[in-house]
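Colleague: I am new to this one. Could we go through it by question and answer?

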Amino acid sequence: MGLKVFIGADIEGTAGVVSLLQCVLGEAEYEMGKRLMTGEVNAAVQGAIDAGASQVVVCDGHGNMQNILPEELHSEAELVRGGIRESLQMQGIDDSYDAFLMTGAHAMAGTRRGVLDHSWVSRMVYNIRIDGQTLNEPCLNAITAGYYGVPLVMVSGDRATIEQTKAVLPDVKGAVVKEGYGRYCACSLHPDKARALIRETAREALENLAQFEPVKVNDPLCMEIDFYRTDMADAAELVPGMKRLGARTVSFTGDPEQVFRVQELVLYRLKYEM
Ligand SMILES: [Zn+2]
């Protein structure tokens with residue numbers, strides 16, 4: 001039996017993607033964004049297979065979670081698609097997996113030279129902290145994976161995202177597919193080159209799997225969220241156990257699974273209500 005690999009896929013960190021026109025349902029370049037995203041996901045799947053994976057599950061983790069083109073997906077991969085779900089980018093992760101990879105990742109809100117920088121929901125969240133540390137989505141996902149004993153081994157995205165991830169998780173292999181000049185401008189590798197780099201980085205990471213450790217997850221875990229506006233904190237405060245730390249800041253402390261679910265409820269469900 002070969003490796004069982006989980007790939008969490010976002011879109012903003014894909015080579016060639018610089019605009020919300022490429023990331024939002026109904027916008028002019030969204031179909032292009034979907035194709036570019038699918039191409040990079042396929043490269044990571046192939047890299048996993050090159051390294052001996054026998055099962056690869058891809059989790060579509062952007063927006064409505066229906067971005068990856070199913071018929072263009074690598075034929076050896078399975079696809080988690082659509083909502084409502086328990087976890088935006090980690091739906092289905094459990095302790096049967098050997099490794100977690102992330103493609104198309106972007107930097108956290110407020111990152112200079114981070115293309116389309118945000119933390120989960122760009123219209124709602126300034127920062128999200130776990131046990132006092134402000135984290136980007138790859139690191140937040142690494143905590144979820146770590147809870148199940150699964151290490152994050154590779155991330156692809158722009159340079160700011162890779163550097164930000166490695167500042168927290170230095171062992172993670174990074175595939176830099178673009179250099180951001182600002183939030184809406186970057187110099188990207190050609191998609192063919194970006195895909196070759198992702199394939200190679202995924203293979204190399206998985207062939208050296210023994211050198212990666214899952215993130216150690218505290219229990220209880222404390223999550224704090226700074227919202228844009230007070231009404232968002234008013235709504236989040238309705239969740240039982242949520243504490244109000246300030247006009248725009250809430251915190252929730254619980255066992256890790258509770259925190260993951262509350263994170264999802266607040267950030268994913270509320271975005272449709274606001
Ligand atoms: Zn996204």
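Modeller: A term first: helices here are DSSP runs of H or I with at least four residues, numbered from the N terminus. Keep in mind that this is a predicted model.

Colleague: Which helix gives the most to the lining of the second largest pocket?

Modeller: The second largest pocket has a volume of about 210 Å³. Its lining includes Glu86, Met90, Thr144 and Tyr148, and also Glu257, Phe260 and Arg261. With three residues, the top contributor is the helix spanning residues 256–269, α6.

Colleague: How many charged residues does the lining of the second largest pocket have?

Modeller: Glu86, Glu257 and Arg261 are among the lining residues. By class, four residues of the lining are nonpolar and four are polar, and the charged ones number three.

Colleague: Which residue caps the N-terminal end of α3?

Modeller: Helix α3 covers residues 159–168, and Ala160 is one of its buried residues. The buried residues of α3 pack against β4, α2, β7 and β8. The backbone nitrogen of Ala160 lies 3.3 Å from a side-chain oxygen of the capping residue, Asp158.

Colleague: How many disulfides does the count come to?

Modeller: A disulfide needs two cysteine sulfur atoms within 2.5 Å. The sulfur of Cys222 is too far for a bond, because the closest cysteine sulfur, in Cys139, is 17 Å away. The count comes to zero.

Colleague: What is the cysteine sulfur nearest to that of Cys23?

Modeller: Cys23 is buried, with a relative accessible area of 4%. Cys23 is in no disulfide, and the nearest cysteine sulfur is 15 Å away, that of Cys185.

Definitions and conventions:
Residues numbered from 1 in each chain as written. Predicted model: local features only at pLDDT ≥ 70, side-chain atom pairs only at ≥ 80, totals over all residues. Heavy atoms only, no water. 1 Å grid on protein atoms, 1.4 Å probe; cavity = no way out; pocket = protein on both sides within 12 Å on 5 of 7 lines; lining within 4 Å. Points joined across faces, edges and corners; volume = space filled by probe spheres on them. Helix = DSSP H or I, 4+ residues; strand = E, 2+ residues; numbered from the N terminus. Nonpolar A, V, L, I, M, F, W, Y, C, P; charged D, E, K, R; others polar. Buried < 20%, exposed > 50% of the residue type's maximum accessible area, 1.4 Å probe, protein only. Contact = heavy atoms within 4.5 Å. Polar contact = N/O pair within 3.5 Å; in protein donor to acceptor, adjacent residues only side chain to side chain.
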